[in-house]
Amino acid sequence: MKHGIVQIRQPPYSPDLAPCDFWLFPKLKNSLKGRRFQDVEEIKTNTTKQLLAIPKIEYEECFRKWEDRWKKVVVSKGSYFEGDIINIDKD
């Protein structure tokens, strides 16, 4: 415990637990797919424009789904699973 906070080990890297990997990057990739850019600055400008166009409600939904994902990891005790086969309603 450090500063009154219990520290837990982070699980090995998993794209299923990283909101950028399971939601944001695919969303950006799809919106920019097939387009050509002249330079890095144009890429930054267009990416920023796409990020700002995502409604707040979509970010909120992403984090609700993320919570379900990490609950499944906890219930499965870190074991591999696919899809929705893990029941997270074990209260």
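Residues 24 or more positions apart make up 38% of the chain's contacts with a separation of 6 or more. The model behind these values is a predicted one. The chain holds three helices and zero strands, and from the N terminus on its elements simply run α-α-α. Of its 91 residues, 16% count as buried.

H1 spans residues 19-32 and helix H2 residues 40-53; their axes come within 10 Å and cross at roughly 115 degrees. The crossing of this pair is right-handed. On the H1 side, Leu24, Leu28, Ser31 and Leu32 do the meeting, and on the H2 side they find Asn46, Thr47, Gln50 and Leu51.

With neighbours within four places in sequence set aside, Leu28 touches Thr47, Gln50 and Leu51. Asn46, for its part, sits in helix H2. Is Asn46 buried or exposed? Its relative accessible area is 11%, and the cut-off for buried is under 20%, so Asn46 counts as buried. Again leaving out neighbours within four places in sequence, the contacts of Asn46 are Leu32, Arg35 and Phe37.

Now for the other partner of H1. Helix H3 covers residues 56-75 and packs against H1 at an angle of about 150 degrees, the two axes lying 10 Å apart. Angles over 145 degrees count as roughly antiparallel, and that is therefore how H1 and H3 run relative to each other. Their crossing, too, is right-handed. H1 brings Pro19, Phe22, Trp23, Leu24 and Lys27 to the contact, while H3 supplies Glu58, Tyr59, Cys62, Phe63, Trp66 and Arg69.

In soluble globular proteins, nonpolar side chains tend to be buried together. Here, the largest nonpolar core has six residues, namely Phe22, Trp23, Leu24, Leu28, Ile54 and Cys62. Which helix gives the most to this core? That would be H1, with four residues. Some of these names have come up already: Leu24 and Leu28 are among the H1 residues that meet H2, and Phe22, Trp23 and Leu24 of H1 take part in the contact with H3, as does Cys62 from the H3 side.

Terms used: Residues numbered from 1 in each chain as written. Predicted model: local features only at pLDDT ≥ 70, side-chain atom pairs only at ≥ 80, totals over all residues. Heavy atoms only, no water. Axes fitted to C-alpha atoms, helices over the stretch in contact; angles between N-to-C directions. Helix = DSSP H or I, 4+ residues; strand = E, 2+ residues; numbered from the N terminus. Left-handed = near helix turned anticlockwise from the far one by under 90°. Contact = heavy atoms within 4.5 Å. Core = buried A, V, L, I, M, F, W, Y, C linked by side-chain atoms within 4.5 Å. Buried < 20%, exposed > 50% of the residue type's maximum accessible area, 1.4 Å probe, protein only. Parallel < 35°, antiparallel > 145°, perpendicular 65-115°, else oblique.
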